[in-house]
Amino acid sequence: MNEKIKQIDLSDSSIKQISDFLTSVYDDKKKFNYDYLSWLYRDNPDGEIIGFNAFDKDNNIIAHYALLPKLANFQNKNIKIALSINTATSKNAQGKGYFKKLANLSYDLARDLGIEKIIGVANQNSLHGFINSLGFKKICELEARISFLMFVKKNKSSNNSIFKLVYDQNRINWRLSNPNKKYKILNKKHQIIYTDTNIFFRLIMMIFTEQKTTVQNSYINLPKIYLWIGNSKVIQWNKFFSFNIPSFLRPAPLAFIWKDLINDQSISNDQLHFECIDFDIF
């Protein structure tokens with residue numbers, strides 16, 4: 001094979017090339033634009049993107065794998081982790097092992113940079129590859145919870161060893177500056193960050209269970225159905241006003257996956273607090 005494999009270059013021309021490649025592979029002309037990838041790959045306060053590209057003999061990208069550095073708290077200690085995000089292989093390069101090769105190179109580099117865990121969100125199409133080819137563990141299927149009234153509160157009896165991503169004002173500001181989305185706050189009392197998905201649904205990005213954080217917002221509270229995707233024993237839902245959509249009724253159930261780079265440590269779903277703000281697709 002005449003391919004070349006290189007660590008992701010974050011120059012303007014490289015970001016543009018990656019944008020064109022991902023747009024072509026996923027046939028999505030809106031999401032993978034230059035501004036979005038520049039924000040995601042270069043501006044993250046926890047560090048620049050970690051990953052590799054494979055190129056053909058004409059210097060065209062034929063495969064891409066990327067990890068987004070994050071800070072998490074687990075067992076009352078802050079640790080460096082990374083979120084597995086954009087993975088893609090062109091049609092002509094599929095079946096040649098690029099997914100596994102680029103992923104393992106990315107994990108080796110991440111380990112060298114002090115990353116301890118890799119997490120991700122996989123659909124049914126990609127779950128098999130992450131588990132069987134890359135050694136991930138499926139921790140749980142994420143809930144897709146419908147709520148008609150936002151009656152939620154913090155569960156005071158939740159596990160102290162919870163794994164959760166760390167957010168301060170700087171991290172919140174960066175996450176909500178995603179150029180592809182507009183975020184609002186539901187109300188001053190609950191501090192619930194959301195984005196409108198359509199005229200009927202409001203996607204809940206984050207429910208503040210600890211600190212109050214300043215968020216640029218407009219307090220518009222038109223009646224809508226709320227959708228929350230995640231896993232948490234920290235958040236306590238009112239059972240009369242919410243329900244989890246059964247997996248067989250969802251078009252694409254999502255699973256939380258986990259890979260330990262240091263000591264093969266794992267967690268249970270009872271130890272996981274994870275919401276839409278924690279992964280990149282919303």
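Modeller: Before we look inside this predicted model, note that Ala, Val, Leu, Ile, Met, Phe, Trp, Tyr, Cys and Pro count as nonpolar, Asp, Glu, Lys and Arg as charged, and the others, Gly among them, as polar.

Colleague: With those classes in hand, how many cavities of 30 Å³ or more does the count come to?

Modeller: A cavity is a set of points where a 1.4 Å probe fits but cannot get out, and in this model the count comes to two cavities of 30 Å³ or more.

Colleague: What volume does the largest cavity have, and which residues line it?

Modeller: The largest cavity has a volume of about 60 Å³, and its lining includes Asn44, Pro45 and Asp46, together with Lys70 and Leu71, and also Tyr167, Arg171, Trp174 and Arg175. Strand 3 (61–74) and helix 5 (169–175) are the elements that give two or more residues to this lining, and helix 5 has the largest share, with three residues.

Colleague: How is the lining of the largest cavity divided by class?

Modeller: The lining of the largest cavity has six nonpolar residues, one polar residue and four charged ones.

Colleague: And how should I read the second largest cavity, in volume and in the classes of its lining?

Modeller: The second largest cavity has a volume of about 50 Å³, and among the residues that line it are Trp39, Leu40, Leu68, Lys70, Trp174, Arg175 and Phe279. Helix 2 (34–42), strand 3 and helix 5 each supply at least two residues of that lining, which divides into seven nonpolar, no polar and four charged residues.

Definitions and conventions. Residues are numbered from 1 along each chain as its sequence is written. This is a predicted model: local features need pLDDT of at least 70, side-chain atom pairs count only at pLDDT 80 or more; totals for chains, interfaces and linings use all residues. Side-chain values use heavy atoms; hydrogens and water are left out. On a 1 Å grid over the protein atoms alone, a cavity is a set of points where a 1.4 Å probe fits but cannot get out, and a pocket is an open set with protein on both sides within 12 Å along at least five of seven lines; lining residues have an atom within 4 Å of a point. Grid points are joined across faces, edges and corners, and a volume is the space filled by probe spheres set on the points. Helices (H or I, at least four residues) and strands (E, at least two) are DSSP runs, numbered from the N terminus.
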